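I opened this notebook to keep track of what I looked up in one model, going from the whole chain down to single residues. The entries are in the order in which I checked them.

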Amino acid sequence: MASPIIELDRVAKTFENRARATEALAAVSLSVEGGEFVSIIGPSGCGKSSLLRVVGDLVEPSAGTVRVNGKSARQARLDRDYGIVFQTPVLYEWRTVLENVELPLEVAGRPRAERLQRPRELLRLVGLDDFAGHYPWQLSGGMQQRVSIARALALNPSILLMDEPFGALDEMTRERLNQELLQVCAETAATALFVTHSIAEAVFLSSRIVVMSARPGRIDRIVTVDLPRPRGDKTRALPRFFELVTEVRQSLR
Amino acid sequence: MRIVREYAPAALVLAAGLSLWEAIVYLFSIEFYLLPAPHVIVQSLGENYPFLVEAGLYTFTEAVVGFALGCGGGMLAAMVASSSPGFAGLVLPYAVASASVPIVALAPLAIVWFGVEQGSKIAIVVLLTFFPTFVATTRGLLGVTPQSLELMRSYAASERQIFFKIRLPHSLPMIFIALRACATLAMIGAVVSEFFGGPVKSLGVYIKSTASLFQTREAWSAILVACALGLLLYFAVVLAERLAMPWHFERHEG
């Protein structure tokens, strides 16, 4: 068996505030294999986002260890192993769509040829090559989020960290982007850690669903999603799809 | 054609305003020393032209030098202060409060400190423009969303890259709002400072001395020159703004 790409061992996170300490995560252990799509679902404030941030070395865990690609999370971040997508697109209004996607390559000091070519390929991948010269405000919310995904892929990260990326979108756009995201992950062979509030979305996308309980956040259950791939509109109509949705819903109670 | 359509309404308003002014002065036979008619002011402008140019340049130099030093210093200070958010948070309230300090009231003291020539006026303009620019730049540099910084962190970006690629462009709109306001403040500060004393060949002294002799035509012609120079500085800032932030204008006019 291949060694896991992400390995969390009894990770805890406590946020110290002036008056009190909030325990966001309590002894979370999880390992994720390469190419997996793992969703994290749970009630608000259950530490889903904290878990994602600990993996991405955006916050330090208070206890426990995080290993990513056999390295510390910090080293993985410095090696640019992560691509991050937030709930809001966080695009820079002074940059065109193309320049936004180019930013990570610029920061990493990649050669000029790559900086010219790669963003175009990525925009094609998310179906926005016609909008390269537009500014972010000229795009709809769904399109902006696609730009944000393209940008996350710019440095060919082995791990995609996504924090409710489609949470602010309407149902139809969300389903279309779910489909696109699966294609993107298949093409790039990236491992995905995906925080969501939507049970159906988690079932549709994931190979496994991590169900968390509230404060302090801990893993309640892990549901393995055995739906066939490739997945599409037909997947959503399968009896097994509904069974899994029900199973996750009951775990959340 | 587009230029005509854009500016024609404004030109018409100006023409209407001037006509109304002329009409009121004529209809109510207002004494010329109380309110001279526009054509009289323009006439006086023509007669005094060489002097007004010299005096205008003298005052304008104070405004521009003070503006450059004050705004430039404000931006530099903000860059230093924002490198330590704790320190910035400590000094920012005072910088904000300085907006309510009548800095022009220091003009007589500035003359004591820096002499009756341009130095004292420049000092006042520097004080007037430094704080608004400092406040706006600091807020802009520190106002970047946490997610923006997290993204840059995930690219393993250096502080320098974060500053030039995110913080600075993010704060440009705020900086230019301050610069526009300061362009106006600079000209006001220079003229008003001269009221407290200065060489004869400056707009402020000329306005004050002619007005006190009821030579209102002459005073008005100098006021007109001050207005024109103030607008010149203001539009220079607007032009710089357009060049620095093409994306901004595409959005707000597109």
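**Entry 1: overall dimensions**

I noted at the start that this is a predicted model. I then counted the elements of chain A and found eight helices and 10 strands. The radius of gyration of chain A came out at 18 Å, close to the 18 Å that the globule rule gives for 253 residues, so I recorded chain A as being as compact as a globular protein of that length. Along the principal axes, the C-alpha atoms of chain A fill a box of roughly 45 × 45 × 40 Å. I looked up burial next, and buried residues make up 45% of the 253 residues in chain A. For the contacts in chain A with a separation of 6 or more, I found that 71% are accounted for by residues 24 or more positions apart.

**Entry 2: the sheet of six strands**

I traced an open sheet of six strands in chain A, and its order reads β6-β7-β8-β3-β9-β10, with mixed pairing. Which strands stand at the edges? They are β6 (82-85) and β10 (218-224) of chain A, and each has a single partner strand, so one side of each is left without a neighbour in the sheet. From one strand to the next, the twist averages 20 degrees.

Inside this sheet I followed strand β3 (residues 37-41) of chain A to strand β9 (residues 208-213) of chain A; the two run parallel and are joined by four bridges. As a residue-level check on this pair, I noted that Ser39(A) stands opposite Ile209(A) in β9(A).

I then asked which helices lie against these strands. Helix α5 (residues 141-152) of chain A packs on the sheet, where it touches β6 and β7 (159-163) of chain A, and its direction makes about 170 degrees with that of β6(A). Helix α8 (residues 239-251) of chain A lies across β3, β9 and β10 of chain A, and runs at about 170 degrees to β10(A).

**Entry 3: the sheet of four strands**

I also traced an open sheet of four strands in chain A, with the order β2-β1-β4-β5 and antiparallel pairing. Its edge strands are β2 (21-32) and β5 of chain A, each of which pairs on one side only.

Strand β1 (residues 6-16) of chain A and strand β4 (residues 63-68) of chain A pair over five bridges in the antiparallel sense. I looked up two of the partners in β4(A): Val68(A) is the bridge partner of Ile6(A), and Arg67(A) is that of Glu7(A).

On the next pair, I recorded that β4(A) and strand β5 (residues 71-72) of chain A are antiparallel and share two bridges. Val68(A), already noted as the partner of Ile6(A), stands opposite Lys71(A) in β5(A). The hairpin of β4(A) and β5(A) has two residues between the strands, and there Asn69(A) takes a positive phi near 50 degrees.

**Entry 4: helix α1**

Is helix α1 of chain A enclosed or open? Seven of the eight residues of α1 (residues 48-55) of chain A are buried, so I wrote it down as largely enclosed by the rest of the structure. The buried residues in α1(A) are Lys48(A), Ser50(A), Leu51(A), Leu52(A), Arg53(A), Val54(A) and Val55(A). Just after α1(A), Asp57(A) takes a positive phi of about 60 degrees.

**Entry 5: the domains of chain A**

The domain assignment of chain A gives domain 1 (6-81 + 158-251) and domain 2 (93-156). Taken over C-alpha atoms, the centres of domain 1 and domain 2 of chain A are separated by 24 Å. The contact takes 11 residues from domain 1 of chain A and 11 residues from domain 2 of chain A. On the side of domain 1 of chain A that touches domain 2, helix α6 (residues 171-188) of chain A gives the most, with five residues. By class, I recorded seven nonpolar, two polar and two charged residues on that side of domain 1 of chain A.

**Entry 6: the contact with chain B**

How many residues of chain A are in contact with chain B? I found 18 residues of chain A in contact with 17 residues of chain B. On the side of chain A that touches chain B, the elements that give two or more residues are α2 (73-78), β6 and α3 (97-107) of chain A. α3(A) gives the most to that side, with three residues. The residues of the side of chain A that touches chain B divide into 13 nonpolar, two polar and three charged.

Conventions:
Residues numbered from 1 in each chain as written. Chains lettered and ligands numbered in written order. Predicted model: local features only at pLDDT ≥ 70, side-chain atom pairs only at ≥ 80, totals over all residues. Pairing = 2+ DSSP bridges. Axes fitted to C-alpha atoms, helices over the stretch in contact; angles between N-to-C directions. Contact = placed C-beta atoms within 7 Å. Rg over C-alpha atoms; globule rule 2.2 N^0.38 Å. Buried ≥ 20, exposed ≤ 12 C-beta atoms within 10 Å, placed from the backbone. Nonpolar A, V, L, I, M, F, W, Y, C, P; charged D, E, K, R; others polar. Domains from an automatic or database assignment.
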